[in-house]
Amino acid sequence: MENNLQVEIEMILKELYSFSNKILFLGNKITDKRLELFEKKISFDLPLEFKLVLKRHNGFSLAGTAVVGIGEEFKEASLDKLYDFEHLEVGNKMPREFLPFSPDGRGNHYCLDLSKNNGNTCPVVFWQWDYDYKNKDEIETSNLSFLDWVREVMIEWTLDVYDYEGNEL
């Protein structure tokens, strides 16, 4: 399975690399143990697909849709700080198994549902900050995996508005 996952990651990254740097930002490699330390801190394992992509590009964005990076260089916008904020400081706290990784700019977040991590993947849910969820079943699952999310939300939705050079259609 890990071999198939590597192939899928390479295909997704190859398509991301096709975009102009006018609309694409790719963060640096992670060469230390910050993701593993973060896993210990939150008591959840991250899905392998997410870890492998983040280790290649610690934070990335395409036409304004971002995947948050982790580390001091991101200050308060770091993945670990965002996790703490959304679980400890807001009025409508997320379930602790949700890892917010992509803010929509309006207080909502795409999150990994770490309670359903099968080791390689887990579903992506959309957390709406101003909705009073009565139970977890009300929370929308947007994609079955992080790579599916990158493919649809980042790549396909961007290509609805821009070409690979960053020109509006």
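**Aromatic pairs and nonpolar cores**

In this predicted model, the count of aromatic pairs comes to 12. In one of them, formed by Phe38 and Tyr83, the ring centres are 5.9 Å apart and the planes stand at 90 degrees, so the arrangement is edge-to-face. Because Phe38 belongs to helix H2 (residues 34-42) and Tyr83 to helix H4 (residues 79-89), the pair ties together parts that are 45 residues apart in sequence. Phe38 counts as buried, at 2% relative accessibility, and Tyr83 is likewise buried, with a relative accessible area of 7%. One aromatic cluster is formed by Phe50, Phe101, Tyr110, Phe126, Phe146 and Trp149.

The largest nonpolar core comprises 41 residues, of which Phe50, Phe101, Phe146 and Trp149 touch the most other members. Helix H5 gives the most to this core, contributing seven residues. Beyond its neighbours within four places in sequence, Phe101 is in contact with Phe50, Ala66, Val67, Val68, Leu79, Tyr110, Cys111, Leu112, Val124, Phe146 and Trp149. A second, separate core consists of seven residues, including Phe98, Cys111, Val125 and Ile139.

Helix H5 has 14 residues (residues 146-159), which at 1.5 Å a residue should span 20 Å; the end C-alpha atoms are 18 Å apart, in agreement with this expectation. The buried residues of H5 are Phe146, Leu147, Trp149, Val150, Val153, Met154, Ile155 and Thr158. Viewed down the axis of H5, these buried residues fall within an arc of 160 degrees and therefore line one face of the helix.

Terms used
Residues numbered from 1 in each chain as written. Predicted model: local features only at pLDDT ≥ 70, side-chain atom pairs only at ≥ 80, totals over all residues. Heavy atoms only, no water. Helix = DSSP H or I, 4+ residues; strand = E, 2+ residues; numbered from the N terminus. Expected span 1.5 Å × (residues − 1). Buried < 20%, exposed > 50% of the residue type's maximum accessible area, 1.4 Å probe, protein only. Arc of directions from axis to C-beta. Core = buried A, V, L, I, M, F, W, Y, C linked by side-chain atoms within 4.5 Å. Contact = heavy atoms within 4.5 Å. Phe/Tyr/Trp six-rings, centres within 6.5 Å; stacked < 30°, edge-to-face > 60°.
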